[in-house]
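Here are my notes on this one, as promised. Have the model open while you read them.

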Amino acid sequence: MLATTKVLLVEDESELRELYTELLSIEYAVDVAKDGEEGIGMLPRGKYDVVLLDMMMPKLDGVGFLTRKKDMPDVISVPVIVMSNLRQDEVVKICFELGAKYYIQKADITPDKIISIIAEIISKK
């Protein structure tokens, strides 16, 4: 992958933020937001290729992030991978209706899986 591929990681749990940042930084340029409000503020300025979005966060959750992103014409096409422990079909459906490209259960996430999904998204651009 090109180091110029930019990923915005939006995750409130500090241990997961550090882990994902370390893993993703091997392949990509990674910016980090510690909650949805910070992430949505960073999104239009960063020229990101993909967003890795936690669902349950303070200030602005994943659904709120996706809702606000949908109303931002300059970034509406930036693909979003949602990560969550929620297994509610209705929440998953809402995320896809709001433009999420993937919805991954955190229990099923491996570093290789995240890297391969990001690579797949980037290859389709």
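**Notes on the model**

1. Let's start with D12, which sits in the loop between β1 and α1 (helices are DSSP runs of H or I with at least four residues, strands are runs of E with at least two, and both are numbered from the N terminus). Bear in mind that this is a predicted model, where local features need pLDDT of at least 70, side-chain atom pairs count only at pLDDT 80 or more, and totals for chains, interfaces and linings use all residues. Residues are numbered from 1 along each chain as its sequence is written, and side-chain values use heavy atoms, with hydrogens and water left out.

2. Setting aside neighbours within four places in sequence, D12 is in contact with R17, K34, D54, M56, M57 and P58 (contact means heavy atoms within 4.5 Å). K34 is 22 residues from D12 along the chain, yet their C-alpha atoms are separated by 4.6 Å.

3. Now the inside. The largest nonpolar core has 25 residues, and L43, V51, L53 and V82 have the most contacts within it (such a core is a set of buried Ala, Val, Leu, Ile, Met, Phe, Trp, Tyr and Cys residues joined through side-chain atoms within 4.5 Å). At least two of its residues come from each of β1 (6-10), α2 (36-46), β3 (50-54), α3 (62-70), β4 (80-84) and α4 (89-97). Another core lies apart from it, with 18 residues, including V50, I81, I114 and A119.

4. L43 is worth a click. Beyond its neighbours within four places in sequence, L43 is in contact with L8, Y48, V51, F65, K69, V75 and V78.

5. Next, a helix pair: the axes of α1 (residues 14-24) and α5 (residues 111-123) come within 11 Å and cross at roughly 60° (axes are lines fitted to C-alpha atoms over the stretch in contact, with angles from 0 to 180 degrees between N-to-C directions). Y20, L23 and L24 of α1 make the contact with P111, I114, I115 and I118 of α5.

6. Finally, two lysines with positive phi. K47, in the loop between α2 and β3, has phi near 50° and is exposed at 73% relative accessible area. K59, in the loop between β3 and α3, has phi near 70° and is exposed too, at 70%. Most residues other than glycine have a negative phi.

Notes. Buried means under 20% relative accessible area, exposed over 50%, partly exposed in between (1.4 Å probe, protein chains only).
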